[in-house]
Amino acid sequence: KLRRERRGPGADAKRLVTGEAWRDLCRALERAGDALLEAENPDDARTRAEGFRYLLGLVTVGIRQGFELADREFPVFTRIEDPWAKWGAENADNHYLHAHVRSDRSYRIRGERGSCLDFLIEVKEGFMHLGDVRNFATLAAHELTVEPDGTFEIVASAERPDGCANWLPLHPDARQVTIRQYFYDWEREEPARFTIECIESEGRAPASPTPEATAAILDDICHFVEMTTRFSELRESHEPGRLAPARMFVGGADDIRYGNDLYRLRPDEALVIESEVPKARYWHYQLSNTWFVTMDYANTTASIHGAQTHIDADGPVR
């Protein structure tokens with residue numbers, strides 16, 4: 001587990017009031033910048049520029065998840081990966097939403113199906129790069145009972161309520177709900193829409209921020225940014241000269257297979273990938289840079305999915 005150190009309430013309040021919690025955040029950002037300059041990372045100017053842009057995105061994501069996901073009694077679905085704040089090689093065809101929950105509470109998720117290819121709603125331990133790698137439950141769009149008008153309701157709880165058509169079980173260690181929407185036609189498919197509310201909190205208002213809670217948020221931002229910067233499993237597992245086959249990835253969704261790997265080319269070389277057509281509802285290839293950041297898919301052809309590919313006459317995809 002890569003958890004941040006937890007202090008007593010009195011200690012956190014003092015750190016916030018004296019400014020020490022803020023200085024801890026500033027020092028963590030400095031350490032994250034130093035991590036980008038370590039010897040095993042490329043040192044050419046372009047890669048360094050990409051690295052510090054990546055770090056700025058991580059700071060943005062860290063602030064979003066620290067503040068917007070902090071209140072588990074009044075959760076909201078928050079998009080923290082987008083074209084301007086990239087991390088973890090997010091899928092170019094995905095729209096991600098996250099909410100943090102308590103396993104001893106019950107939550108009502110309401111939505112409209114939209115017309116995206118599919119979506120997955122996952123109950124997770126947390127973000128995998130922080131060491132929270134367990135996935136406890138998943139509901140796919142095609143598994144939901146949806147009303148004729150396209151709306152649906154899901155209950156996430158420890159026990160299934162009587163008569164509940166759509167239920168997400170909350171494991172005792174569950175702390176996060178993640179939604180991944182998949183798109184095959186960006187121009188025509190409409191995203192699904194989701195809201196979440198804690199049933200036990202209905203009729204109440206969120207509490208005012210306390211020094212302890214604010215210090216904890218600053219610490220969570222520190223931890224998220226510094227640990228994500230040092231996430232290097234992909235580089236450590238790379239075998240030169242081959243591409244790893246698609247497989248389950250620690251911390252990834254149980255319904256997904258990931259084929260992450262690295263390549264190195266000289267200016268006069270090209271990378272040719274040949275594969276059979278996958279037996280999957282959705283599949284794609286995409287490019288990322290050295291920092292595991294998805295390339296500019298809005299303005300360049302940096303990804304290609306199953307509906308965009310040409311199948312050669314002899315069978316494979318090249």
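Predicted model: local features only at pLDDT ≥ 70, side-chain atom pairs only at ≥ 80, totals over all residues.
Helices α2 and α4 (residues 211-229) pack at an angle of about 5°, with 9 Å between their axes. They are therefore roughly parallel to each other.

- Helix α2 covers residues 20-36, which makes 17 residues. From its first C-alpha to its last it reaches 25 Å, close to the 24 Å expected at 1.5 Å a residue.
- Buried in α2 are Ala-21, Asp-24, Leu-25, Ala-28, Ala-32, Gly-33, Ala-35 and Leu-36.
- On the α2 side, the residues that meet α4 are Ala-21, Trp-22, Asp-24, Leu-25, Ala-28, Leu-29, Arg-31, Ala-32, Ala-35 and Leu-36. Their partners in α4 are Ala-215, Leu-218, Ile-221, Cys-222, Val-225, Glu-226 and Thr-229.
- Sorted by class, this α2 and α4 contact holds 13 nonpolar, one polar and three charged residues.

**α2 and its packing against α3**

- The axes of α2 and α3 (residues 45-68) come within 10 Å and cross at roughly 150°. An angle over 145 degrees counts as roughly antiparallel, so that is how α2 runs relative to α3.
- The crossing of α2 past α3 is right-handed.
- Here α2 brings Leu-29, Ala-32, Gly-33 and Leu-36, which meet Arg-48, Gly-51, Phe-52, Tyr-54, Leu-55 and Val-59 of α3.
- The residues of this contact between α2 and α3 split into seven nonpolar, two polar and one charged.

**A closer look at α3**

- The buried residues in α3 are Thr-47, Gly-51, Tyr-54, Leu-55, Gly-57, Leu-58, Val-61, Gly-62, Gln-65 and Gly-66.
- These buried residues of α3 pack against α2, α4 and the strand β1 (94-100).

- You will find Pro-316 in the segment after β10 (303-305).
- Its relative accessibility is 12%; buried means under 20%, so Pro-316 counts as buried.
- Setting aside neighbours within four places in sequence, Pro-316 is in contact with Glu-274, Ser-275 and Ile-311.
- Between Pro-316 and Phe-119 there are 197 residues of sequence separation and 27 Å in space, taken from C-alpha to C-alpha.

Terms used. Residues numbered from 1 in each chain as written. Heavy atoms only, no water. Helix = DSSP H or I, 4+ residues; strand = E, 2+ residues; numbered from the N terminus. Expected span 1.5 Å × (residues − 1). Buried < 20%, exposed > 50% of the residue type's maximum accessible area, 1.4 Å probe, protein only. Axes fitted to C-alpha atoms, helices over the stretch in contact; angles between N-to-C directions. Parallel < 35°, antiparallel > 145°, perpendicular 65-115°, else oblique. Left-handed = near helix turned anticlockwise from the far one by under 90°. Contact = heavy atoms within 4.5 Å. Nonpolar A, V, L, I, M, F, W, Y, C, P; charged D, E, K, R; others polar.
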